[in-house]
Amino acid sequence: MSGRDLRKFVNFHRTAIGAADSSLVNRFIEGHGSNQYRPADYDKLQAIAQLRKAAGNRTLQKVERITRATKEKKEQNLLQQHKACWSKEKIRLHSLQRKLQSEIDALRPGSPFDYSSIKEFFQDLEIYEEVLSEDSNEFKKSTIQPLWDLREDLQFWLGENRDRIVMGVADKEHADVLKIVESVKIQQRTVLEKLQMEQEQLELELDSLSLHEITGLGVVSDVGIIETGIPVEAFDLECPDEQLKETVLEEFLLLDKKYEAQLEYLNLKYQYVKESSSGGWSKHDHLHFVHLMDQYPPEMPNRRMLYIDRMLKEISHKTRSQLVEHEEWLLAHKFYQEQFSSTLRAWAHDRQDLLIKVKVTFIDAWAAYEEAAEKAKTRKKQEHICQELYKKVLAFREQKLEALKLQAVIAAKQQEEEEEQLRAAEERERKCRDKKHRQIQEFKDFKQRERELSAQEERKRLSELQEKMAEQALWDRERVQYRKEQLKLQEEEKQKARELALEQENERQRRLDKLRAQVQVHVEDDPERLYKQTEASQARMASMYEEELDLQQPLFAVHGYDEKQVAADRRLKVENALREAGIHHTDYARRIMASIKPPQEPRKDQHSTVFKND
């Protein structure tokens, strides 16, 4: 053949498969179509699916563009607000820098504020600078200058002994030099470690002195250290009535107990705030947090959302929950600081008021005592006056206690208001997130409804198609039955026509036989004479036949089959039809080919045994 696989071309005959029913063979030869179902246009359906998919993709891209534009616009608004706050902070810092620079310039020598104390301060600074310069020079002479000298000596020695080192003559000297260099390295490393330790100690001291002043988180009070107990000034006051003096001076102890209990309550309540000066964060992160929070004024709308957003961008290694926790800690620390400072101020103020009141009371007591000394008869009145004064002191104490209670209530209300503001801000953020979630859910529900409507329309269309197909199948069955009846009638008519033609032929033969019997010639019977040719015609035909044979004779002898003989084989036609259908390599095709008989039955001795082992 033409290089095909011989296993795909079955050339032996099997009568077991396809011999009884040839419908399968006809089905595969004619195609897979059926008259009971309408063929589906898959290209058109695929084009419709691609169009709908493209429309869905365009809608999704549009939604993504809208979402991205919304996010970009929101981010742009936030950046503009951050920029405005930073501009205000930059202006404030510049003004503060100019103010501080002017104050520093005012303190320099030669300024209008060049007082004697400032001169002494700058003189001390100059002396300290000279001491530091001397220490630095001494350190250079003792550590750095020897190293440079050693370096120059080593360079000189290497220049002088380079050839000896290469030749291996000065190995011992070279080893000694390396030992010296290694010992110098160890000494230098020790010096650097010592300097590093001193630097860390100085940094710790500076941090301990300036961190709380920079951040304002330390418990710094403007009243200084409060002296507890009875003041010496009040104790040295003279009073004619010792009992009155003891009673009045005990008020200092009671007042101290009240404020100490209040301070202890504050310390216990905010113990977690006092444990760390930076809330468990590093100093750099804490200062960064405080500066960012102070840049946004309290009256600014959406203040908390803005500084939290900026913190998330600038302090990116901290999560939102960590920022919120540190914010709560900072607010609690500020509230504790304010309460502690206000309590100390109130304590000092009340002690000062009480001291003045004691002085006034003792002056009144002395006046009453002098009057009583002058007028012995008025002693009872003096006792009454003392009682009145005692009542005044008690009333004063009650007033102070009531003032303390009011201050505590006001502080608690302020804290509750701040907590309520925080809760309100968190509630607004939660509502905003819920609103966005609802919008997303509504969009999903809308898309789900669209998909359901589309599915309903498709199901409706499918049911309509099924009904049409059922009607078409019923109509097709009726048509098939009608065609069968028509074919049956046509067959009957043809049979009758054949019978009629046969009767007419028989009748014609009878008449012919009758005619032949009437004209029969009684001569020697030689039927072949009628078919024989004459001598002249035979000679003429022989010459023409020989010429035609000469013309049709091939150049070379042909041993095999020609094109017509091969094309006459039905197996070749079936194999070409199966190959065009794309099923020529299947088992079914092999069975079909085995069921087709060849044009000429092969001899038993030529039966193929190639595929017996398959």
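This is a short tour of a predicted model, stop by stop.

**Before you start**

Residues are numbered from 1 along each chain as its sequence is written. Because the model is predicted, local features need pLDDT of at least 70, side-chain atom pairs count only at pLDDT 80 or more, totals for chains, interfaces and linings use all residues, and side-chain values use heavy atoms, with hydrogens and water left out.

**Stop 1: the whole protein**

Show the cartoon. The protein has 16 helices and zero strands. Helices are DSSP runs of H or I with at least four residues, strands are runs of E with at least two, and numbering goes from the N terminus. Now colour by burial. Of the 614 residues, 20% count as buried. Buried means under 20% relative accessible area, exposed means over 50%, and partly exposed lies in between, with a 1.4 Å probe and protein chains only.

Next, think about contacts, meaning heavy atoms within 4.5 Å. Take the contacts with a separation of 6 or more: residues 24 or more positions apart account for 73% of them.

**Stop 2: α6 against α10**

Two packed helices are described by the angle between their axes and the distance between the axes. Select residues 242-269 for α6 and residues 320-374 for α10. Their axes come within 11 Å and cross at roughly 175°. That makes α6 roughly antiparallel to α10. The contact of α6 with α10 holds 17 nonpolar, five polar and six charged residues.

Some terms for this stop. Axes are lines fitted to C-alpha atoms, for helices over the stretch in contact, and angles run from 0 to 180 degrees between N-to-C directions. Angles under 35 degrees count as roughly parallel, over 145 as roughly antiparallel, 65 to 115 as roughly perpendicular, and the rest as oblique. Ala, Val, Leu, Ile, Met, Phe, Trp, Tyr, Cys and Pro count as nonpolar; Asp, Glu, Lys and Arg as charged; the others, Gly among them, as polar.

**Stop 3: α8 against α10**

At what angle do the axes of α8 and α10 cross? The angle is roughly 75°, and the axes come within 12 Å. The two helices are therefore roughly perpendicular to each other.

Show side chains here. From α8, pick His 286, Phe 289, Val 290, Met 293 and Asp 294. They meet Leu 323, His 326, Glu 327, Trp 329, Leu 330, Leu 331 and Lys 334 in α10. By class, this contact has seven nonpolar, two polar and three charged residues.

**Stop 4: the nonpolar cores**

In soluble globular proteins, nonpolar side chains tend to be buried together. A nonpolar core is a set of buried Ala, Val, Leu, Ile, Met, Phe, Trp, Tyr and Cys residues joined through side-chain atoms within 4.5 Å. The largest one has 45 residues. Select Phe 252, Tyr 270, Phe 289 and Met 311, which touch the most other members. α2 (42-107), α6, α8 (283-294), α9 (303-314), α10 and α11 each supply at least two residues. Which helix gives the most to this core? α10 does, with 15 residues.

Zoom in on Met 311. Leaving out residues up to four places away in sequence, Met 311 touches Phe 289, Leu 292, Met 293, Ser 316 and Leu 323.

**Stop 5: salt bridges**

The structure holds 20 salt bridges. Each is a side-chain nitrogen of Lys or Arg within 4 Å of a carboxyl oxygen of Asp or Glu.

Select Glu 429 and Arg 320. Their closest N and O atoms are 2.8 Å apart. Glu 429 lies in α11 (residues 379-518) and Arg 320 in α10, so this pair ties together parts that are 109 residues apart in sequence. Is Glu 429 buried or exposed? Glu 429 is buried, at 16% relative accessible area. Arg 320 is partly exposed, at 36%.

Move along α11 to Arg 430 and Glu 427. Their side chains form a salt bridge at 2.0 Å, N to O. These residues are three apart in α11, about one helical turn. Arg 430 is partly exposed at 37%, and Glu 427 is partly exposed at 29%.

**Stop 6: Lys 597**

Finish in the segment after α16 (587-595), where Lys 597 lies. Lys 597 is partly exposed, at 46% relative accessible area. Lys 597 and Asp 569 are 28 residues apart in sequence and 9.4 Å apart in space, C-alpha to C-alpha.
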